Amino acid sequence: MSFSTFTTPTGFLLPSVHSAPPFFTQQPHPGTNATVTEQWTTLLLAYARHRKLFVLRVEDTEAADSEWAEVLRNERINRKLLPSYLSTILATMVSKNLATYDPPGQTRSVLLYWRLPEEWAEVLHGWAISTGQLNTILTFYEITDPPIPSPLSDIPINLLKKAIAVLAKTGRSQLIAVADGEGVRLLAGKS
Amino acid sequence: MGASHSTPKITAQDRAILDLKLQRDKLKQYQKKIQVVLEREHAIARAHLATGQKDRAVIALRRRKYQQSLLLKTDAQLETLEELVSTIEFSLVEVSVLHGLKQGNEVLKEIHKEMNIESVEKLMDETQEAREYQREIGEILANNLTADEEDAVQDELSQLEVEAVREGMELPSVPTHEPEQPVREPQAPTRDEARVPVAA
């Protein structure tokens, strides 16, 4: 059997290792396991960036119609990632700050950081500048669901809040809360 | 941190705008929900029709119609809300423009205070004086220069004279009469000798 790259229907190029059956099994040797986990981490983040996916759940390994199925399964070699293995991969990613458990306090679902909150903060600020929305009050819905698609379309509120908090540290954002909900004002900042 | 003094205060205005925008968002979300319901009712009606339950299909379509009317109403409301939000945002822009104009005006006043007409006149007088002074200096310098030139001209003139004298050099004429006083004789050659170097 030859291992080769494979382009999925959504246009994502799977690496050749994805067609190797052992890749889908947790390796007993710690060194090998670390390498494979590393490869999974890279693969998962790359796929998340490709499809703009933010959330990965352990249960995504079970569902064949999940948006993650292309990566978590390989029907051509009849393999799929086991939930237990995915959950250890997720734990490793969380420990490396490449993801965070969301909502916190459980280990079944993570928010993937294919951009770190600091990077999202810059994206958010850049978007506000390029669309001339500095100094105006924006609702979160307005940012996550803008009429014109932006890099921030569909960003989870939790991640958005983290990015806003990062900007607040440098005086570039201001959170406004009213009884009905929250909003944010983005500012030019000092520099 | 430095964040506290660089961020503007949240005013009641800001809260009002945020409230409005949140309302607008809620309407948008409501519309999304209705859209989903509309599609579902359509699917239900189709399913009922497929199984031959015409009356049920009609009910589903009626519900759909009702939801559609709701959607239209919310559209109108959304329009009003968005108009209001835009008006407020535009008014804010106008306020900041006014503020800018006011500041500009004050700066202009400040500048005018510094350059009132008297001081300008005084300054112009002073400038005039300074210019006069400069002109005098210039004239003096010019005179000096002409004096130098005058000297040069004089030199040249005397040189020319000498040359002219040389060309038409005439020997002193022979005395026609006897010298009355022989004592003067020795004086004359010395005078001539004294003149010779000047002539040369």
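Two residues are in contact if their C-beta atoms, placed from the backbone, lie within 7 Å. The model shown in these views is predicted.

**View 1. Helix α4(A) meets helix α6(A) in chain A.** On the α4(A) side, the residues are Pro117(A), Glu118(A), Trp120(A), Ala121(A), Leu124(A) and His125(A). On the α6(A) side, they are Leu159(A), Lys162(A), Ala163(A), Val166(A) and Leu167(A). Sorted by class, this contact holds 8 nonpolar, 1 polar and 2 charged residues. The axes of α4(A), which covers residues 117-130, and of α6(A) come within 8 Å and cross at roughly 80°.

**View 2. Helices α1(A) and α3(A) cross in chain A.** Here α1(A) spans residues 30-51 and α3(A) spans residues 83-95. Their axes come within 10 Å, and the crossing angle is roughly 80°. The two helices are therefore roughly perpendicular to each other, as angles of 65 to 115 degrees are counted. Thr37(A), Trp40(A) and Thr41(A) make the contact from α1(A), and Ile89(A), Thr92(A) and Met93(A) make it from α3(A). This contact has 3 nonpolar and 3 polar residues, with no charged residues.

**View 3. Strands β8, β10 and β9 of chain A form an open sheet.** The 3 strands lie in the order β8-β10-β9, with antiparallel pairing. At the edges are β8 and β9 of chain A, each pairing on one side only. From one strand to the next, the twist averages 35°. Between β8(A) and β10(A), which run antiparallel, there are 3 bridges. Leu138(A) stands opposite Val184(A), a residue of β10(A). Helix α6(A) lies across β9 and β10 of chain A and runs at about 125° to β9(A).

**View 4. Helix α2(B) lies across the strands β8, β9 and β10 of chain A.** Its direction is at about 30° to β8(A). The buried residues of α2(B) are Ile17(B), Leu18(B), Lys21(B), Leu22(B), Arg24(B), Glu41(B) and Ala45(B). These buried residues pack against β8, α5, β9 and β10 of chain A, and also against α3 (54-114) of chain B. Helix α2(B) covers residues 12-50, and at 1.5 Å a residue its 39 residues should span 57 Å. The end C-alpha atoms of α2(B) are 57 Å apart, which agrees with that span. Just after the helix, Gly52(B) takes a positive phi of about 85°.

**View 5. Chain A touches chain B.** In this interface, 16 residues of chain A are in contact with 14 residues of chain B. On the chain A side, β8 (137-139), α5 (140-144), α6 (157-169), β9 (173-178) and β10 (181-186) each supply at least two residues. The largest share of that side, 3 residues, comes from β9(A). By class, the side of chain A that touches chain B divides into 6 nonpolar, 6 polar and 4 charged residues.

**View 6. Chain B is built from helices, with 5 helices and 0 strands.** Read from the N terminus, its elements run α-α-α-α-α. Of the 200 residues in chain B, 4% count as buried. Among contacts in chain B between residues at least 6 apart in sequence, 67% join residues at least 24 apart.

Key. Residues numbered from 1 in each chain as written. Chains lettered and ligands numbered in written order. Predicted model: local features only at pLDDT ≥ 70, side-chain atom pairs only at ≥ 80, totals over all residues. Helix = DSSP H or I, 4+ residues; strand = E, 2+ residues; numbered from the N terminus. Nonpolar A, V, L, I, M, F, W, Y, C, P; charged D, E, K, R; others polar. Buried ≥ 20, exposed ≤ 12 C-beta atoms within 10 Å, placed from the backbone. Expected span 1.5 Å × (residues − 1). Axes fitted to C-alpha atoms, helices over the stretch in contact; angles between N-to-C directions. Parallel < 35°, antiparallel > 145°, perpendicular 65-115°, else oblique. Pairing = 2+ DSSP bridges.
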